[in-house]
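Here are my notes for your next pass through this model. Please read them with the structure open.

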Amino acid sequence: MPPPPDLDTFRAEARAWLDANAERKPEVTTADDEVGWGVGDDDVAVFLNLGEEEERARIEAARAWQQAKYDAGFGAISWPVEHGGRGLPVSYLRAFNQEEARFVTPNPGELFPTSMGLVAPTIAAFGTPQQRDRFLRPMLRAEILACQLFSEPGAGSDLASLACRAERDGDQWVLNGQKVWTSGARFAQWGEALCRSDPSLPKHTGITAFLVPLGAPGVEVRPIRQMTGGSNFNEVFLTDVRIADELRLGAEGEGWRVGLTTLGFERDHSGGGGPAGGGFTRVLALARHLGRTDEPVVRQALAGLYARQRLMQLTTRRAAAALRAGQTPGPEGSLGKLLWTEGMRRTSDVVSLVLGPRLVADTGEWGTYAWAEQVLGAPGYRIAGGSDEIQRSIIGERVLGLPKEPQVDKGAPFAASRRAG
């Protein structure tokens, strides 16, 4: 394998390709050279709020952009070569992302990061050679998109209490149950599902993971209307869905381990993504525009928001370094996820303080009422990716060494629980 190009050469190649294939964002000339007030779109929504046709058009645009990047060698930069990537260090990925941020590109929403950043790495970790050959390149090229089928109406925070059943029938499995809060399911072709395959075992052990084709007979996807107005979430009903054993992900009964690995990627991804719902620099620009940066209370709130954002970034980098060293996702992901959701909550608080009545009055003024969607959407991420309460339990037990939460059903067969009925 030839040695990788030096980082400056790679960055220049990426910039040249982006210049030839995308439109540059308007140049920014503010004091901090990061956010230009009144420049571009003022959308800071945490969750997209689009109609059906708009959403499909966005997904197709994002798909085309990912395929163009992949074909040019920029769509799977840090993935191993054998899985269709370039095998470059993550520093190259960061360099490309920095260059790409200067251009107008389609919004990938939640489904693309879930498919390529959560499900695909799980297949790489647990999939058979045939599954890796079948799924990884098409996923990285966005030819197929996959969602998570984890949460259930009666097993949200306590995911191990899931009751969706998987019964073996020769070389097939029959799935029955309901999943909920599934981001992007309406537009995905596949789902990574955790199902109860042996209810006679304790709840953490009788679980098996599957790759479920969402176009199979018996699969029904229904959108869930959110208070932000959109329908990013969905509920998925599985009724006598038959899938081949070759779509089992990992060993039978190993589903809890598979699911934890996916959740580890999710928490690291959640804590390491961009400033969903607007970041510190956008809030600072707002405060400057309204002339409130000299007020002591506002300055204190801005300083606290900045400190939290920097702490989140450093924690995320530490977790990423551990992954590059070959370690599996650990409690750092939970800490990063908590910092991320806390950052969004604090962003809502600071914006509410700075805007006052402008937050709820749609006057058409750029960058003001748009924050209402951030305030409405931010609470959702305190549940998504594992609730904040669960993250605190993980940190308390695995980092601080505190006693585990009492488990009255520990070691008992799942069939003896109320959820089994």
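1. Please read every value below as computed from a predicted model.

2. Helix 2, geometry. Helix 2 covers residues 52-72, 21 residues in total. From first C-alpha to last it reaches 30 Å. That is close to the 30 Å expected at 1.5 Å a residue. Glycine 73 follows helix 2. The phi of glycine 73 is positive, near 90°.

3. Helix 2, buried side. The buried residues of helix 2 include Ile59, Ala62, Trp65 and Tyr70. Glu55, Arg58, Arg63 and Lys69 are also on the buried list. What do the buried residues of helix 2 pack against? The partners are helix 1 (7-21), helix 3 (90-100), helix 4 (111-126) and helix 5 (129-140).

4. Helix 5, geometry. Helix 5 has twelve residues. Its first and last C-alpha atoms lie 16 Å apart, close to the 16 Å expected at 1.5 Å a residue. Alanine 142 follows helix 5, and the phi of this alanine is positive, near 60°.

5. Helix 5, buried side. Gln131, Phe135, Leu136, Pro138, Met139 and Leu140 are buried in helix 5. Their cover includes helix 2 and helix 4. Strands contribute as well: strand 3 (146-149), strand 6 (190-196), strand 7 (207-213) and strand 10 (248-249) are among the covering elements.

6. Threonine 347. This residue sits in helix 9, residues 331-355. Is threonine 347 buried or exposed? Threonine 347 is buried, because its relative accessible area is 5%, under the 20% cut-off. Leaving out residues up to four places away in sequence, threonine 347 touches Gly278, Val283, Leu305, Trp371 and Gln374.

7. Cysteines. How many disulfides does a search of the whole structure find? The search returns zero. Cysteine 164 is in no disulfide, and the nearest cysteine sulfur, that of cysteine 195, is 3.8 Å away. A disulfide is a covalent bond between the sulfur atoms of two cysteines.

8. Burial of the two cysteines. Cysteine 164 counts as buried because its relative accessibility is 1%. Cysteine 195 is buried too, with a relative accessible area of 0%.

Note on methods. Residues numbered from 1 in each chain as written. Predicted model: local features only at pLDDT ≥ 70, side-chain atom pairs only at ≥ 80, totals over all residues. Heavy atoms only, no water. Helix = DSSP H or I, 4+ residues; strand = E, 2+ residues; numbered from the N terminus. Expected span 1.5 Å × (residues − 1). Buried < 20%, exposed > 50% of the residue type's maximum accessible area, 1.4 Å probe, protein only. Contact = heavy atoms within 4.5 Å. Disulfide = S-S within 2.5 Å.
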